[in-house]
Amino acid sequence: MTAPAGARQEAPDGGGSPAAGPHEQPAAGTVQNPWAERRSLVLDGHKVRYWFYDVDRTPKPLLVLVHGFRGDHHGLQLIADRLRGRYHVVVPDLPGFGRSEPFPDRPHDIAGYADFLRGFVEALTDGAVHDGAPHGVAVLGHSFGSVVAAHFAAAHPVMVERLVLVNPICEPPLEGGRALLSRLTAGYYRLGRALPRRLGNRLLSSWLVTDAMSGVMTRSQDPRVRGYVRHQHRAYFSAFADRDVLLEAYEASVSHTVAEVAMQLSMPTLLVVGAQDELGSVAAQRTMASWIPRHRLEVLDGVGHLIHYEAPGPTAELVHDFLSSPAPEPVPTPDGEPSALHAQVPPGDVAAPDTATFTGLQRIVGRGRRQPGGHRERRESRR
């Protein structure tokens, strides 16, 4: 499922270079270097595939990206491509999706995925990052991935130096105006599991469904952007292990939010939200952000829940600026909210920006031997 070396793929805005703004689209866009080195490791009896985006062996901070529901690493490729020159960017396929095997003996729920992320970061850094380590790594999660990343960070705060939440889930999907749609969607996944195997898989992999979802959620009117989103959903939204995994993960996605653990996020946290995000209003995002002691909130106009497709350039620049800048100062405690966590938060950074504390992937950066003619020998590490 990874693109071959040297291949080029159409993308909504210019690869590698920062976009001028969320509204501007270049005349033609491609991902500069869409292939990434595929690697694997085994955790608790199941193989995990992850993709390593980088440009050279220079020591850089480590940034782990967590994709959303039904997707895989391709969903965050446009952001990863823009950050690969400044960070070691690693994007795993969550267990049960893409090319990662499902959990063999536990449900695909938030607790399971958060614990997976703990084990993955420990293995990725050869044990350098753990609950007792002096420093952690930077973690970014989009949508469902924001819930996984936030719950992981809340449970293991020492392991997360800084946290980035893109289109974070701030409101319970089973409450309010979206409750009916969420329940209908749950019925769709339950029906897909209950039908005979072939028929159920056809229903759950139907392009009619993915195209309808793409059309509703894409805010851009640029035909190139809309076509790219439609292609991505068609190509990768059916890469799930089986129907049970899909239903379990969906039920997890509508049962938990970032807001549940917002007060426990003591690390500096960036929230990047779309002004037209149908899964969380700006007002609700602002309220949730106020519960995070050291946060920075950025709202991008003209985009909804697909920031990672529609505005990857501006998003990548916001991420880099946040990771390379002093941490935000703690915010005042909201009235009526417990103050203990806020009181324990250390003061904001006052020194010059310093990302040296992020763990560098010294051993994992090897990219293969240079072959005659300038080509690289691709390889995959196995553990």
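Predicted model: local features only at pLDDT ≥ 70, side-chain atom pairs only at ≥ 80, totals over all residues.

Tutor: Let's start with β5, a mostly covered strand in which 6 of 6 residues are buried. Buried stands for under 20% relative accessible area, exposed for over 50%, and partly exposed for what lies in between, using a 1.4 Å probe and the protein chains only. The names of the elements come from DSSP runs: helices are H or I runs of at least four residues, strands are E runs of at least two, and both are numbered from the N terminus.

Before we go on, a word about what you are viewing. Residues are numbered from 1 along each chain as its sequence is written, and side-chain values use heavy atoms, with hydrogens and water left out.

Back to the strand. Cover comes from both sides of β5: one face holds Val 137, Val 139 and Gly 141, the other holds Ala 138, Leu 140 and His 142, and all of them are buried.

Now look at the partners of β5. Two strands count as paired if DSSP finds at least two bridges between them. β3 pairs with β5 in the parallel sense, over 4 bridges, and in that pairing Leu 65 stands opposite Leu 140 of β5. Strand β6, residues 160–166, also runs parallel to β5, joined by 6 bridges. Here Leu 140 turns up again, standing opposite Val 164 in β6.

Asp 126 has a positive phi of about 55° although it is not a glycine. Most residues other than glycine have a negative phi. At 41% relative accessibility, Asp 126 is partly exposed. Arg 70, in the loop between β3 (62–66) and α1 (77–83), also has a positive phi, of about 70°, and is not a glycine either. With a relative accessible area of 3%, Arg 70 is buried.

Side chains of opposite charge can pair when their charged atoms come close. A salt bridge here is a side-chain nitrogen of Lys or Arg within 4 Å of a carboxyl oxygen of Asp or Glu, and by this rule there are 16 salt bridges. One of them joins Asp 44 to Arg 106, with 3.8 Å between the closest N and O atoms. Asp 44 sits in the loop between β1 (37–43) and β2 (46–53), and Arg 106 in the loop between β4 (88–92) and α2 (110–124), so this pair ties together parts that are 62 residues apart in sequence. Asp 44 is exposed, at 59% relative accessible area, while Arg 106 is partly exposed, at 22%. Arg 106 also meets Asp 115 in a salt bridge, 3.1 Å from N to O, and Asp 115 is partly exposed at 27%.

Elsewhere, Arg 193 and Asp 244 form a salt bridge, their closest N and O atoms 3.7 Å apart. Arg 193 belongs to helix α4 (residues 179–194) and Asp 244 to helix α8 (residues 243–253), 51 residues away, and the pair links these distant parts of the chain.

Finally, the whole picture. The protein has 12 helices and 8 strands, and buried residues make up 54% of its 383 residues. The average pLDDT is 81, with 75% of the residues scoring at least 70. Residues 1–32 are a stretch to read with that score in mind: there pLDDT stays under 50, and the model has 85 contacts (heavy atoms within 4.5 Å) beyond four places in sequence for them. Residues 338–353 also have pLDDT below 50, with 33 contacts beyond near neighbours in sequence.

Definitions and conventions:
pLDDT = per-residue confidence, 0-100.
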